[in-house]
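Hi,

Here is the structure I promised to pass on. Have a look at it first, and my notes follow below.

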Amino acid sequence: MSRILILMLISLCLNSCVKYSNISSEHDILVDFHSNNKEISLSDLTIRKGRKSLQNKYFNLIFESALGGGESFLGYTYRNVHADTYRGRFSVVCPDKSKIKLSVEEVLSWPSTVIDNDTILIAPLICRNYQ
Amino acid sequence: MQDMSMASRIQSLANVGPSSDFKIRLLQISLRLLQQGLLDNQIYLNASVADCTTNSGQQVGAYVNGGNPIINLCPVWFNRPDVQSWAIIHEATHVYLGTVDLSYVWQDSYSELNSFQPFLNADSYSALIDCLCPEY
């Protein structure tokens, strides 16, 4: 009887354990860094799974779609990692060599303005504000 | 010439030295198992929206169930051609190689995996195959 119960429990565990993948969207944004961060250049920025370039006086940041994921047991999610909420997808090296890590969500929450039909995000003072 | 280049790329991606034949062999066996698993066609294309929604309401792209060797593809997956192959390989390694998610490529900890951890990490296989097939 106890063996049957143990087998049932193992079966329940196996069938209730789910690994899933979530997929973040691609974000293609223009950012005005220099208004508040005159000392930061394009080479001070790092994007994990993405690209960066200079477009006129703005930085063009592209965060590519990325796979994240999680695990659940009996319907309860006990681990969930998402590429847009991970702090460190975007990082800035400050003049004092300290590294500021930000998530895509934090970057997208910066204030914006529209210039010539382009939406420009305005980066706040990063090196002191985020430390 | 092509083979030499491929071998050196596998070697560097597997983070092994030139004399680490065991790790190269392990990688070859893993990729063969992965290939065979995908050829077995155990991919379920019609997972329902309800099955693809977590308790917190998140729509997922794909999932695998611990007791069932099937990759379930969700509606979200079909709208994302940019990560479709990456997701299939990732899930397939869970099913056929028993990998876990130690770290995703966009996490800092990914570059800190030791020389054996990539063999256990699902995203490492996706990254390897993506690197071997840059254009298709």
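Let me start with chain B: of its 136 residues, 26% are buried (20 or more other C-beta atoms within 10 Å of the residue's own, with C-beta atoms placed from the backbone). Bear in mind that this is a predicted model, where local features need pLDDT of at least 70 and side-chain atom pairs count only at pLDDT 80 or more, while totals for chains, interfaces and linings use all residues. Residues are numbered from 1 along each chain as its sequence is written, and chains are lettered from A and ligands numbered from 1 in the order in which they are written.

Chain B has six helices and three strands, taken as DSSP runs numbered from the N terminus (helices: H or I, at least four residues; strands: E, at least two). Their order from the N terminus is α-α-β-β-β-α-α-α-α.

Now the contact between the chains. Chain A puts in 27 residues and chain B 28, a contact being two residues whose C-beta atoms, placed from the backbone, lie within 7 Å. On the chain B side, β2 (62-65) and α4 (84-97) each supply at least two residues, and α4(B) gives the largest share, with five.

There is also strand pairing across the two chains (DSSP must find at least two bridges between the strands). Strand β1 of chain A, residues 17-21, runs antiparallel to β2(B), and four bridges join them. In that pairing, A:Y20 sits opposite B:Y63 of β2(B).

Cheers

Conventions: A residue is buried if 20 or more other C-beta atoms lie within 10 Å of its own, exposed if 12 or fewer, and partly exposed in between; C-beta atoms are placed from the backbone.
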